[in-house]
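Have the picture ready as you read.

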Amino acid sequence: MKTVHFAVIGLFAVVAAVFGWRAVHTRVRPQSTLPSAQPSIAQPSGTQAQPPSPQTLPAPAPPSEAVKLLGPFSIGGQSYKVELRTRKVQPGSTQESGDTVVAMEIKDAAGAILYRKTFPYQEANGEFSDSWSVSALQLIGKNGSGLLVSYDAYSEPSAPEEEPTGWYQIFGVIDGKLSSFGAPIEVQGGLLDKYADRGSYRAERPIGTEADVIDFKFWSGHCRLIFPVRVDWSHGKLSPAQECSVAAGEPGAGCQYGVVPEDKLYRSDITFVRLWPNPNEKSGKAEKTVVKVDSKVELIAALVPTRWVDGKSAGPADNSNDWIKEAGGFGIAPESDLWIKVRIDGKEGWIHTEEDFRSLGLPEDE
Amino acid sequence: MKLRHFLWQNQLFATALAGAVCLALPCCSAQTAAPPRAASAADAQTEDVEQRSGPYAIAGQSYTVVQYEKRLPRVSDTALGQTLAGIEIRDAAGNVAYQKAFSYAIQKDYFQRSLSASARLAPGKTGAGLVIRYSERTARTQTGGLQTSEFWQLFGLVNGKLAPLGKPAPIGSTGGPYMGVVMKAANGGVTVVSQPDVIELQVWTGYFYVFVPLRVDWNHGGLAQGQRCMEMLGGGLKEAGCEMRVEANRKPSSEEFTFLRLFVEAHENFASAEHVVLQKDSKFEIMGASAITTWKQNEELIQPEFSDLWLHVRIGDRAGWIRGEEDFAAAGLSGGSPAP
């Protein structure tokens, strides 16, 4: 089956177009936030997936809408495509222009709608200009393959952010049917460039024979951490690849994560940081280490408790806009103490606290 | 962002504590009503030394301070070879207006502790008073150091007679000593007719000297703290440190780099500290200090204690506050004892 996958991939080496109309990269998340509810076990949507009934099929696109196609994507020997319906964005105070996605449909080779999602359309209000873009990538793992769809919201005017917030949804074939592996997950961050290649996104590694791990980057407040997500192809479920959830009332030390190298550190003068031998202030006396403007600084790892929240899957026809509120997600657990292992001109140690992050010149949100 | 809302430097009324507070000041195994007297077992080994200072003009009278000291003649190290055994204040006629004895003991050829005193006149608008500073050095530690403590007595007129004034009353308390005259008009207006004097005591904090202000009415025996600072925290007022002048003897480190955590305010919670590397050629200026000052009293000697101690510094063009033994040492202010 894997052989078939890769053969088909070779045939359909079509880049999943990233549909984005804007060059502006400043984004804000819409009114959704990472759900604060305790994580719950989500039912794999694949076990419930039913094609939308004829009654739910959308009407032909009205004249004000345009249709754009992404794909085709070969998954489990079948060909799929993603159809986007777009409208002209209403300009706000910044006179934005372009298109915004109002609906997305995943169709099989015969044109049957297997999944549908709608997006809010911002009517003209003279102040804000909100829009959505959707992109799709073939997700390639050792134990399976699927479709990785991302939803990005833009709003202008907006404050700049170190990392935008987006939503990611994975589809795979369960019992011969393309199904969503749970609700979209909200991520302040995104995908890692090193796994993206011509319209596909590679898994980082397999786990056993039924799952693969894909890496996301997410914003920690001072650097980008690498969060591995386990994709269970057999059961159609996403979960953290390492269990680091904070037990109720017991804030643990967390798990160790990889760190994405920072392109720019903000230092203008000689300073110092306190390096602990281990990620614990009681691990020994902190060594005050000089950091010069031209010091070589490497971010090696991070230790922090994280939180994973299962979203609420709405099934194959998600025609309400509640999916944003019901999305899952992950991020740093509230009130967590982030430790970062660094190497400064060859000297290694752990730092934490805002004053040390700032001294090292790590970026931070405005 | 400064949250110190109240600096009650102009408070004219303060309170004397009701009842005596017995605190363990180390020098005070004193006898207040007896003449100076030495431990009999040690008398044979010691010589008597008498020192006089003055005269000091207070309320039209002339006073002389007489110090009775004991000396160990065969001890070359004077640090613990001499100690104050008693003190008297006499008027011009030689009558004793005040006297106090201090106990002493000899251990391994040295005094267990050595007490010394110095007196000075403190003139002001409300009259004049006498300030006596006591310095007590305790026996050498294993590291070879001496532990030095400071105590004070302030003398003014109490019921027309020269007497020690006791512990300064905290500002804002009720029922304190008479500290001036306030005229209150029918419309609520307040006029200050007379104000107390403000004197400063130069006090060792462990790392540097600060000048602690006191408000005193010499002719009416009033003594109160010179300032009290409060900050708003969590919807309520909380005691905060007050700023004071500083005198410091800085000895910069010989290291190439030392490290300071520089805070915007004398408060750790306002913002995270800036990390400043102090280099040999860095310009370093001490601008002041901040601390919460509380006063202890044992019998008639008073002693300030400092908490939440901060030092206001400027390094190059960056100004801020530092705290703690580690950062004081990095600034060249290692912990130690005051000059005797």
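## Polar contacts and salt bridges

In this predicted model, eight residue pairs are in polar contact across the interface of chain A and chain B, both partners having pLDDT 80 or more. Which parts of chain A touch chain B? Strand S18 (271–275), strand S19 (287–291) and helix H2 (354–360) of chain A each bring at least two residues to that side. H2(A) gives the most, with five residues. Sorted by class, the side of chain A that touches chain B holds eight charged, four nonpolar and two polar residues.

Charged partners also meet here: the count between chain A and chain B is five salt bridges. One of them joins Asp269(A) to Arg318(B), with the closest N and O atoms 3.3 Å apart.

In total, 14 residues of chain A are in contact with 13 residues of chain B. About 1200 Å² is buried between the two chains, and carbon and sulfur atoms give 54% of this area. Three residues, Phe272(A), Lys288(A) and Glu355(A), supply 50% of what chain A buries against chain B, more than any other three residues.

## A sheet in chain B

Now turn to chain B, where four strands form an open sheet in the order S2-S3-S4-S5, with antiparallel pairing. Strand S2 (47–58) and strand S5 (96–101) of chain B are the edge strands, each pairing on one side only. On average, neighbouring strands of this sheet are turned by 20° against each other, direction ignored.

Look at S3 (61–71) and S4 (82–90) of chain B, which pair in the antiparallel sense over eight bridges. Here Glu69(B) stands opposite Leu84(B) in S4(B).

Methods: Residues numbered from 1 in each chain as written. Chains lettered and ligands numbered in written order. Predicted model: local features only at pLDDT ≥ 70, side-chain atom pairs only at ≥ 80, totals over all residues. Heavy atoms only, no water. Contact = heavy atoms within 4.5 Å. Buried area = accessible area lost by both parts, 1.4 Å probe. Salt bridge = Lys/Arg side-chain N within 4 Å of Asp/Glu carboxyl O. Polar contact = N/O pair within 3.5 Å; in protein donor to acceptor, adjacent residues only side chain to side chain. Nonpolar A, V, L, I, M, F, W, Y, C, P; charged D, E, K, R; others polar. Pairing = 2+ DSSP bridges. Axes fitted to C-alpha atoms, helices over the stretch in contact; angles between N-to-C directions.
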